[in-house]
Amino acid sequence: IIGGKNSLRGGWPWQAAIRLRSAHGDGRLVCGATLIGSCWTLTAAHCFKRYGNNTRSYMVRVGDYHTLVPEEYEEEFGIQQIIIHSNYNPTSNDNDLALVQLLGWNGVCVKFNSHVSPACLPLRREPALKVASNCYITGWGDTGRAYSKTLQQAPVPLLPRRLCEERYATQFTSRMLCAGNVEEDKRADSCQGDSGGPLVCQRPEGSWVVYGVTSWGHGCRIQDSLGVYTKVSAFVTWIRRVTKL
Ligand code: 4AZ
């Protein structure tokens, strides 16, 4: 995240990270992800383009804040299954969504606590949020100098779809959300390494919903940078059918 700030420890308890397993790589960050159930995380399909979709190549870390410091709530899981949406188009990034099932016992993987708990899925027809609503992106991705060692956050308002339609033409589809900071001085933006992570928005009653999955855009925090996020509400039926959540 470029132009973000350090999050609070435990402030985004659904944030997960997909990392290369040291036996199959160097433990490096591949993507962000969102915990949506004890054994399920949501991420972007394009996260598995570079290193492939072999479950043994990756692990999922939850409860993390500082990536290099062992912390009380952090925990790592192997992967049972990587399910890439069958309509994912790696050329256009349409339907850029994947479900990652964690390895556990009897349907129990992550044990929820104050620092590790899932985000809500949106309703299939979630009441429209105000365009200037309370939405945040979070991640350990590129800050403009290097990947962040601490979890970053930045408010990223949803924008009128028209802005992304004008910028990206037909590559911007109905399965995508347009979000970003167009005002000068507060152009925080998602970047490489944040992909697959959440764009969460707070409902009027307070709960946090994973509205978007960080997907693509032309650059990070360039002038009028418009980020494109997979529109989770367009996939809730699929997510609930596959995960039984
Ligand atoms: C990337 O390279 C990337 N600001 C992710 C998000 C955005 C741009 C690039 C959108 O993974």
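Tutor: Residues are numbered from 1 along each chain as its sequence is written. In this predicted model, local features need pLDDT of at least 70, side-chain atom pairs count only at pLDDT 80 or more, and totals for chains, interfaces and linings use all residues.

Student: What makes β3 and β4 a hairpin?

Tutor: Strands are DSSP runs (E, at least two residues), numbered from the N terminus. Two strands pair if DSSP finds at least two bridges between them. Three bridges join β3 (residues 29-37) to β4, and the two run antiparallel, so they meet that definition. Two residues lie between the strands of this hairpin, and Gly 37 stands opposite Trp 40 in β4.

Student: How many bridges join β4 and β8?

Tutor: Four bridges join β4 to strand β8 (residues 98-102), in the antiparallel sense. Trp 40 stands opposite Gln 101 in β8.

Student: Which way do the residues of β4 point?

Tutor: Trp 40 and Leu 42 point one way, Thr 41 and Thr 43 the other. In a regular strand the side chains alternate between the two faces of the sheet. All four are buried, meaning that 20 or more other C-beta atoms, placed from the backbone, lie within 10 Å of each residue's own.

Student: Why are β1 and β11 called edge strands?

Tutor: Seven strands form an open sheet in the order β1-β10-β9-β12-β13-β14-β11. The strands β1 (5-6) and β11 (176-179) each pair on one side only. β1 pairs with β10 (residues 152-155) over two bridges, and Asn 6 has Gln 152 as its bridge partner there.

Terms used:
Buried ≥ 20, exposed ≤ 12 C-beta atoms within 10 Å, placed from the backbone.
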